[in-house]
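Visitor: Hi, could you walk me through this one? I would like to start with its pockets.
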Amino acid sequence: LHKFGKEKIFILSAGWGLLAADFLTPFYDITFSASAETFKRRRKKDVYQDLNLLQPDLAEPVIFLGGKDYTPLFCQLTENIKSKRPIVYNSITPPDASDCSQVRFETTTRTNWHYGCANAIIEGSFIV
């Protein structure tokens, strides 16, 4: 947060959309995870009025670190962004996102791998 500044950190939310890091939301529990209880799950066919607090004239890349279930929403909400949109993933199979560049972050960590990736980006040991 300190290296990039909170104005450059965004959160992709299944319940709200693409939010600035300092955007306060009420409590909610919505996810794309198929393992969640039915009432908590958002499906592709569900209609949401997603927020998109990203400015479309960004010059810097918008890097996505997250699970494959969130990739389609990221692609949809950033399709009008003029800058690069790299998607970082750690699975063997790249996500289905042909309109974005894809970069594999190799790690043995399976749960919360994106925390290690974010640290590697901040430290400069992983370049996207």
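Guide: First a term: a pocket is an open set of grid points with protein on both sides within 12 Å along at least five of seven lines, and its lining residues have an atom within 4 Å of a point. Please keep in mind that this is a predicted model.

Visitor: Okay, which residues lie nearest the centre of the largest pocket?
Guide: Those are Lys-8, Ile-9, Phe-10, Ile-63 and Leu-65, out of a lining of 34 residues. Two or more lining residues come from each of β1, β4 (64-65) and α2 (113-123), and α2 gives the most, with 5 residues.

Visitor: And how many of the lining residues are nonpolar, polar or charged?
Guide: The lining divides into 24 nonpolar, 6 polar and 4 charged residues, around a volume of about 1,200 Å³.

Visitor: Back to Lys-8, what does its side chain meet in a salt bridge?
Guide: The side chain of Lys-8 meets that of Glu-60, at 3.0 Å from N to O. This pair links distant parts of the chain, since Lys-8 is in the segment before β1 and Glu-60 is in the loop between β3 (51-52) and β4, 52 residues apart.

Visitor: New topic: are Arg-42 and Asp-50 buried or exposed?
Guide: Arg-42 is buried at 8%, and Asp-50 is buried at 18%; their side chains meet in a salt bridge of 2.8 Å, N to O.

Terms used:
Residues numbered from 1 in each chain as written. Predicted model: local features only at pLDDT ≥ 70, side-chain atom pairs only at ≥ 80, totals over all residues. Heavy atoms only, no water. 1 Å grid on protein atoms, 1.4 Å probe; cavity = no way out; pocket = protein on both sides within 12 Å on 5 of 7 lines; lining within 4 Å. Points joined across faces, edges and corners; volume = space filled by probe spheres on them. Helix = DSSP H or I, 4+ residues; strand = E, 2+ residues; numbered from the N terminus. Nonpolar A, V, L, I, M, F, W, Y, C, P; charged D, E, K, R; others polar. Salt bridge = Lys/Arg side-chain N within 4 Å of Asp/Glu carboxyl O. Buried < 20%, exposed > 50% of the residue type's maximum accessible area, 1.4 Å probe, protein only.
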